[in-house]
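Subject: Structure handover and notes

Dear colleague,

I am passing on a structure that I would like you to look over when you have time. Please open it first, and then read the notes that come after it.

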Amino acid sequence: MNAEELLERYTSGERDFAGVDLSGVDLNKANLLNINLANANLINANLSYADLSGADLSNANSINANLRCIDLINANLSNANLSEANLDGADLSNANLSGANLREAWLEGANLSGANLSNACLENATLHYTDVTDANLSGANLKNGFLSRLNCENTNLTGADLSDADLGEAGFHKATLIGANLSNTKLHQTGFWNSDLTGANFSGAIMDETSFDGSNLCNANLMGVRPDPEYDDSNTINLCGKWEDATLCNTIMPDGTIRNDNCTA
């Protein structure tokens, strides 16, 4: 189906386009609110600046699609294939992306506040300056992602895999990272404020001016954490914030010692 036919049928009141082949179609700036594109083929399609708020794109195939600055507020993209898609500046607030494939996708500056990304794959994805406030990323795969300056206020990252990711200057305020894997991450000037890091794995992470002020680090593992030689060629970890305000119970420190600060029964 070409763009002209789709737009004509949509204008006539049709909304159900489930399973259609729109590969390579140009729908730049199109207004397609509440459209049903479930199981549609959108490979290499151009939907940049389009308005698809409330749309159903579940199980849609959008590999390498141009979705830059698209409006997908409240859209259903569960289990959609968005690998290598360009979603820079997109508004995905409150969208359902559970189980979606966003491997190597571009989401720089995107709005994912309140979105459901549980068990989504974001491996090697770019989320620079992305807002995931109040989002659900439990069980998500963010391995090796470029996540610098990520805004994670009240974000659920329980059991998420962030290993080898760049989290420089990211902010985790009242975030939940229970059992999260942060091994070998880059944490330059990263802030974990009043967050739950129970059982989180930081082994081998690079830390410089990293804050854990007010956070819960019970059973967390910081074994082998080291400073970033780019900023500090010493062997001393510079952690900003007040450790006395953090909860350490059976917490493994970088040198292998166990600390139990502010640990109560």
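The notes below go from the overall layout to single residues and pairs.

Please keep in mind throughout that this is a predicted model. The secondary structure comes to one helix and seven strands, and along the sequence these elements follow the pattern α-β-β-β-β-β-β-β. The C-alpha trace spans about 70 × 40 × 20 Å along its principal axes, and of the 265 residues of the protein 48% count as buried. As for how the chain contacts itself, among contacts between residues at least 6 apart in sequence, 9% join residues at least 24 apart.

For L122, leaving aside residues up to four places away in sequence, the residues touched are L102, L107, L117, L127, L137, A140, N141, L142 and K143.

In the pair of F192 and F202, the ring centres are 5.7 Å apart and the planes stand at 85°, so the pair is edge-to-face. F192 lies in strand β4 (residues 191–193), whereas F202 lies in the loop between β4 and β5, so this pair ties together parts that are ten residues apart in sequence. F192 counts as buried, at 0% relative accessibility, and F202 likewise counts as buried at 0%. F192 also pairs with F212, and here the arrangement is stacked, with 5.3 Å from centre to centre and 5° between the planes. Because F192 lies in strand β4 and F212 in the loop between β5 and β6, this second pair ties together parts that are 20 residues apart in sequence. F212 is buried, as is F192. Taken together, ring pairs link F172, F192, F202 and F212 into a cluster.

An aromatic ring also takes part in a contact of another kind, in which the charged end of R15 sits over the ring of Y10, at 3.7 Å from the ring's centre.

Turning to the cysteines, which of them form a disulfide? A search of the whole structure finds one disulfide, and this is the link between C249 and C263, whose sulfur atoms are 2.0 Å apart. The link of C249 and C263 is right-handed, with 125° about the S-S bond. C249 sits in the loop between β5 (206–208) and β6 (251–252), while C263 sits in the segment after β7 (258–259), and the two cysteines are 14 residues apart. With a relative accessible area of 10%, C249 is buried, whereas C263, at 35%, is partly exposed.

C152 is accordingly in no disulfide, the nearest cysteine sulfur being that of C121, and C152 counts as buried at 0% relative accessibility. C121 has its place in the loop between α1 and β1, where, not counting residues up to four places away in sequence, C121 touches A100, N101, L102, R103 and N141. The C-alpha atoms of C121 and L187, which are 66 residues apart along the chain, are separated by 21 Å.

Is S148 buried or exposed? Its relative accessible area is 8%, and because buried means under 20%, S148 counts as buried. The side chain of S148 is joined to that of H128 by a polar contact of 2.5 Å. Apart from residues up to four places away in sequence, S148 touches L127, H128, Y129, D166, L167 and G168; L127 is also among the residues that L122 touches.

How values were computed. Residues numbered from 1 in each chain as written. Predicted model: local features only at pLDDT ≥ 70, side-chain atom pairs only at ≥ 80, totals over all residues. Heavy atoms only, no water. Buried < 20%, exposed > 50% of the residue type's maximum accessible area, 1.4 Å probe, protein only. Polar contact = N/O pair within 3.5 Å; in protein donor to acceptor, adjacent residues only side chain to side chain. Contact = heavy atoms within 4.5 Å. Disulfide = S-S within 2.5 Å. Helix = DSSP H or I, 4+ residues; strand = E, 2+ residues; numbered from the N terminus. Phe/Tyr/Trp six-rings, centres within 6.5 Å; stacked < 30°, edge-to-face > 60°. Lys NZ or Arg CZ within 6 Å of the ring centre and 35° of its normal.
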